[in-house]
Amino acid sequence: MLIAGNWKMNTDLPTARQLASAVVSSVGDPNPVRVAIFPPMVSIDAVFSVIHGSPVLLGAQNVHDGEYGAYTGEVSAPMLRSAGCHYVIVGHSERRQHFGETDETVNFKIASSRANRLVPVVCVGETLSERDAGREKQIVERQIRAGMKGVAIGSGLEMVVAYEPIWAIGTGRTATPEQAQEMHALIRKILIDLFGKTSGSDIDILYGGSMKPGNAAELLSQPDVGGGLIGGASLKAEDFAAIVAAAVKAV
Ligand code: PEP
C-alpha cells in the first residue's frame with residue numbers, strides 16, 4: 001500500500017520544508033504503509049534534506065525522457081535519482097491535457113525512469129465524456145498497454161499505476177468505491193497479462209481523484225485499491241496524516 005502526496009505547483013521553499021517536516025512527524029517509523037511526497041522541482045533538494053533518514057520517500061512530478069543535453073527547462077531521470085528521488089509521476093492528466101503528453105511520450109518517460117532505477121507512478125484515467133460514452137475501460141486499457149510497451153520490471157515494487165478519473169481530480173467528486181474497484185480489477189488483469197502473475201499482482205494500483213480523510217477508508221478497503229494519489233488533501237498535513245492512518249487500518 002502506498003500513499004502519495006502530489007503537491008503540484010504549490011508551496012514555496014519554506015512552506016515545502018514545513019509541510020515535509022509535518023509529514024515526517026506524522027508517519028510512524030517503521031510504517032506498514034509506504035508514504036511518498038512529490039514537491040515542486042525547485043524544492044526537491046530541500047525536501048530530501050528534511051525527510052532523509054525517515055520512512056518518507058521522495059518523488060518528482062515529471063521527468064524528461066532523455067538523460068542529458070540541450071533541453072532547456074527539463075529535468076532528467078539521472079538528475080532526479082541523484083537528488084534522492086525514488087518515484088516519479090508520469091503521464092498525469094494535467095500534463096496530458098496542458099503539456100501535450102501522449103501515450104508515446106509517457107512510454108519514453110517510463111523507459112528512462114526504469115533505466116535509471118526510478119519507480120514510475122503511471123497515471124491513467126478517462127474524461128467524463130469518455131465515461132458517459134461507456135468507453136472508460138477501453139481508454140484506460142489503451143493508456144496502460146501503450147505506456148508500458150517494451151517495459152520490463154524485475155518485481156512489482158518497480159512500478160506503480162494510478163487510476164485517476166479526470167472528472168474526479170480537484171472537483172470534489174469521487175469515484176464510488178464500486179467504480180474504483182471495477183477499474184482497478186481490470187488494471188490488475190492487464191498488469192498480470194503484461195508482467196506475469198507475481199509481478200503483476202504486486203504492483204500498487206492507486207486511486208486518485210478527490211481522496212480525502214472522509215472517503216479514504218472506504219476506497220482503500222477495496223481489494224484492488226493499493227493506495228492513493230492525493231492532490232489537494234496532501235497540502236494539509238493533518239488531512240494527509242488522516243489518509244495515511246486510514247491506509248494503515250486497511251492493510
Ligand atoms: C491528482 O491530481 O493526482 C489528484 C488526485 O488531485 P485531487 O486529490 O486534488 O483530486
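What is the handedness of the crossing of helix 1 and helix 2? The crossing is right-handed; a crossing counts as right-handed if the near helix is turned clockwise from the far one by less than a right angle, and as left-handed if anticlockwise. The model is predicted, so local features need pLDDT of at least 70 and side-chain atom pairs count only at pLDDT 80 or more, while totals for chains, interfaces and linings use all residues. Residues are numbered from 1 along each chain as its sequence is written, and side-chain values use heavy atoms, without hydrogens and water.

Helix 1 (residues 13-26) packs against helix 2 (residues 44-51) at about 30°, with the axes 9 Å apart. Helix 1 is therefore roughly parallel to helix 2 (angles under 35 degrees). Axes are lines fitted to C-alpha atoms, over the stretch in contact, and angles run from 0 to 180 degrees between N-to-C directions. Helices are DSSP runs (H or I, at least four residues), numbered from the N terminus.

Helix 5 (residues 103-115) and helix 7 (residues 136-147) cross at roughly 45°, and their axes come within 8 Å. These two helices are therefore oblique to each other. The crossing of helix 5 and helix 7 is right-handed.

Polar contacts (N or O pairs within 3.5 Å) reach oxygen atoms of the ligand from the side chain of H92 at 2.8 Å, from the side chain of E164 at 2.6 Å and from the backbone of G170 at 2.7 Å.

Note on methods:
Polar contact = N/O pair within 3.5 Å; in protein donor to acceptor, adjacent residues only side chain to side chain. Parallel < 35°, antiparallel > 145°, perpendicular 65-115°, else oblique.
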